[in-house]
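Have a look at the protein below and turn it around a few times. Then we'll walk through it together.

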Amino acid sequence: MATLVPVIGSWYRRGNRKLFEVVAMDDMDETIELQHFDGTVEEMELVNWPAELLEEVGAPEDWSGSVDINTEDTPDDDDTVLPRVCRDPLHAFDYD
C-alpha cells in the first residue's frame, strides 16, 4: 500500500474511522496540523504520517461537524438586517 502524501484541504480517515482534514503544514518544524471532524486540532510530526493507516476521503456532507454552530443561531430570511445606505459620499457617516 502506497503512503498518501498530506495535502492541505484534503480529508482523511484513520483506521479508527475518525475523519480529519489537513489544515496546515510547517516545513520548518516538519509538522502537520489536523482538524478532526468534531473540531479538535492536533499536530503531528511529519515522520509519523506514513505510520498512520489512512484513507483519503471526500469532505463530509455535514461540514458543520467541525464548526461550533447551531442552526438556531443562524438568521432566517426574515431576520436579515440590511445595511444603511449613505446618500452623500462626502458625508460617509451621515445616515437617514
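What follows is a short tour, from the sheet to the core and then to one pair of residues.

A quick note before we start: this is a predicted model, where local features need pLDDT of at least 70 and side-chain atom pairs count only at pLDDT 80 or more, while totals for chains, interfaces and linings use all residues. Residues are numbered from 1 along each chain as its sequence is written, and side-chain values use heavy atoms, with hydrogens and water left out.

Let's begin with the sheet. Five strands make up an open sheet, in the order β4-β3-β2-β1-β5, with antiparallel pairing. β4 and β5 sit at the edges with a single partner strand each, so one side of each has no neighbour in the sheet. From one strand to the next, the twist averages 40 degrees. About the words: strands (E, at least two residues) are DSSP runs numbered from the N terminus, and two strands pair if DSSP finds at least two bridges between them.

Strand β2 (residues 19-26) is joined to β3 by six bridges, and the two run antiparallel. Asp26 stands opposite Thr31 in β3, and Ala24 has Glu33 as its bridge partner there. The hairpin of β2 and β3 has four residues between the strands, and in it Glu30 takes a positive phi near 55 degrees.

What makes up the largest nonpolar core? It has eight residues in all: Tyr12, Phe20, Val22, Ile32, Leu34, Met44, Trp49 and Leu54. β2 and β3 each supply at least two residues of this core. A nonpolar core here is a set of buried Ala, Val, Leu, Ile, Met, Phe, Trp, Tyr and Cys residues joined through side-chain atoms within 4.5 Å. In soluble globular proteins, nonpolar side chains tend to be buried together.

Finally, is Arg14 buried or exposed? Arg14, in strand β1 (residues 11-14), counts as buried because its relative accessibility is 11%. (Buried means under 20% relative accessible area, exposed over 50%, partly exposed in between, using a 1.4 Å probe and protein chains only.) Its side chain makes a polar contact with the side chain of Glu52 at 3.0 Å; that term means a pair of N or O atoms within 3.5 Å, where, within protein, one must be able to donate a hydrogen and the other to accept it, and residues adjacent in sequence count only if both atoms are side-chain atoms.

Glu52 lies in the loop between β4 and β5 (54-57) and is partly exposed, at 29%. Arg14 and Glu52 are 38 residues apart along the chain, yet their C-alpha atoms are separated by 7.0 Å. Beyond its neighbours within four places in sequence, Glu52 is in contact (heavy atoms within 4.5 Å) with Arg14 and Met44.

Definitions and conventions: Axes fitted to C-alpha atoms, helices over the stretch in contact; angles between N-to-C directions.
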